[in-house]
Amino acid sequence: MKISMFLQKILTVRIRQFLPSPLSIPSSVRLQSIQKGSLVGEQSSVGSITPANFLKQINTQKSINTRDTNKETKDQLIIDAGQKHFGATMCKSCGMIYTASNPEDELQHVQHHHRFLEGIKYPGWKKERVVAEFWDGKIVLVLPHDPSYAIKKVEDVQELVDSELGFQQVVPRCPDKTKTFLFISDEKKVVGCLIAEPIKQAFRVLSEPTGAESPSSKECHRAWQCSNVPVPAVCGISRIWVFRLKRRKRIARRLVDTLRNRFMFGCFLSIDEIAFSDPTPDGKLFATKYCNTPNFLVYNFNS
Ligand code: COA
């Protein structure tokens, strides 16, 4: 106990469900969830992927609407006439949760879907910087002073990534030194993105408590704690993202390998020189596997 109080201070425990952002959940889905008064049922109808901020929004809206609750529960917004698709549905391509058969939601979905797929098209550039090639694609490096078409593509991808991660627009610490690695598939789509920046120090994630009182393994992946003792580090992974349909194909692994090879001229960074920015549950699982330890390095988190 003494040792843990002395050496370890919880800097952050961050729970971030990793799913579509609030932006990608239309209002009528939220409203319907409230009116039915069965959040659990609604979540399960769209899978176990409903984000925490989705719940938060529902709760907020719930309190705002307290006065009208009784009235609203009697309203029926959509008629179930045996439609093929009814209620909360998640699009497998763009990840948006919307109410099928609700015209307003359908329209929002079409717009989001289109933007999502269009946003990751990659037509190819004459002067692209290919830093790795594979049987199923290649990795292109974009640097801050590259032509505007390359920077624009990076901004488009980052917008998508941030909306999926639920990030507000985060300005890089040293925009002039940021390196962006794009994984381009054979179908000419950006299916992976890694944004890296120089850092000077990072913190080790602490191992999860074991034993009877430890949280369930699912919760473990959502929360993490790290030491407050900084260690020197060289490269921070500000974002790492892989297109939903291309996950578990080692794209993230290949992006990090390439980063380690290309971040500093003439040297291959060790695992102890790279750190992950505020990892999501997926990011934590990936980093644990990639670094071969649950005590990988993190930086740039909210304490
Ligand atoms: N659950 C369990 N293990 C996982 C995992 C997951 N969701 N994602 C990766 N891993 C582990 C696996 O052991 C995997 O090897 P295996 O498939 O042979 O078992 C290994 O990491 C390598 O995974 P890889 O295929 O290279 O990862 P990926 O291309 O699927 O990308 C993420 C991983 C995290 C980038 C991807 O899930 C993603 O984009 N998530 C959304 C954005 C995000 O949360 N980014 C993290 C920010 S810190």
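Which residue in β5 does valine 142 stand opposite? Threonine 180 is the one, and several of the views below come back to that strand. This is a predicted model, so take the close-ups as views of a prediction.

**View 1. The whole chain, with a word on confidence.** The protein has 303 residues, and 44% of them count as buried. Ten helices and eleven strands make up its secondary structure. Of the contacts with a separation of 6 or more, 68% are between residues 24 or more positions apart. The average pLDDT is 75, with 63% of the residues scoring at least 70. Residues 1-70 are the stretch to watch: pLDDT stays under 50 there, and the model has 122 contacts beyond four places in sequence for them. Where pLDDT is low, the predicted coordinates should not be read in detail.

**View 2. The nine-stranded sheet.** Follow the strands across and you get β3-β4-β5-β6-β9-β10-β11-β7-β8, an open sheet with mixed pairing. β3 (130-134) and β8 (231-232) are the edge strands, each with a single partner, so one side of each has no neighbour in the sheet. Further in, β6 (residues 190-198) runs antiparallel to β9 (residues 235-242), with seven bridges between them.

**View 3. Strand β5 and its two partners.** On one side, β4 (residues 137-142) pairs with β5 in the antiparallel sense through six bridges. Here valine 142 faces threonine 180. The pairing of β5 with β6 is antiparallel too, again over six bridges, and phenylalanine 183 has glycine 192 in β6 as its bridge partner. How many of the seven residues of β5 are buried? Seven of seven, so the strand is mostly covered. In a regular strand the side chains alternate between the two faces of the sheet. In β5, Lys179, Phe181, Phe183 and Ser185 point one way, while Thr180, Leu182 and Ile184 point the other way, and all are buried.

**View 4. The turn from β5 into β6.** Four residues lie between the strands of this hairpin. Lysine 188 sits in the loop between β5 (179-185) and β6, and its phi is positive, near 60°, in a residue other than glycine. Most residues other than glycine have a negative phi.

**View 5. The β1-β2 hairpin.** Strands β1 (residues 87-90) and β2 (residues 97-100) run antiparallel and are joined by four bridges. Alanine 88 stands opposite threonine 99 in β2. The hairpin has six residues between its strands, and glycine 95 takes a positive phi near 80°.

**View 6. The nonpolar cores.** The largest core counts 56 residues, and Phe181, Leu182, Leu194, Leu259 and Val298 touch the most other members. Domain 1 (88-120) and domain 2 (130-207 + 225-299) both contribute residues, so this core lies between them. Zoom in on leucine 259 and you find Phe181, Leu194, Ala196, Cys235 and Ile237 touching it, leaving aside residues up to four places away in sequence. Another core, of six residues, lies apart from the largest one and includes Ile199, Ala233, Ala275 and Leu297.

View 7. Cysteine 193 is buried because its relative accessibility is 1%, and cysteine 235 is buried because its value is 0%. The structure holds zero disulfides.

**View 8. Glutamine 158 in α7.** Glutamine 158 belongs to helix α7 (residues 148-165). Is glutamine 158 buried or exposed? Buried, because its relative accessible area is 14%, under the 20% cut-off. Glutamine 158 and threonine 180 are 22 residues apart in sequence, and their C-alpha atoms are 9.8 Å apart in space.

**View 9. Into and out of helix α10.** Aspartate 278 lies in the loop between β10 (274-277) and α10. Its phi is positive, about 40°, although it is not a glycine. Aspartate 278 is also buried, with a relative accessible area of 4%. In α10 itself (residues 281-291), the buried residues include Pro281, Gly283, Lys284, Phe286, Ala287, Tyr290 and Cys291. Just after the helix, asparagine 292 has a positive phi of about 60°.

Conventions: Residues numbered from 1 in each chain as written. Heavy atoms only, no water. Pairing = 2+ DSSP bridges. Helix = DSSP H or I, 4+ residues; strand = E, 2+ residues; numbered from the N terminus. pLDDT = per-residue confidence, 0-100. Contact = heavy atoms within 4.5 Å. Buried < 20%, exposed > 50% of the residue type's maximum accessible area, 1.4 Å probe, protein only. Core = buried A, V, L, I, M, F, W, Y, C linked by side-chain atoms within 4.5 Å. Domains from an automatic or database assignment. Disulfide = S-S within 2.5 Å.
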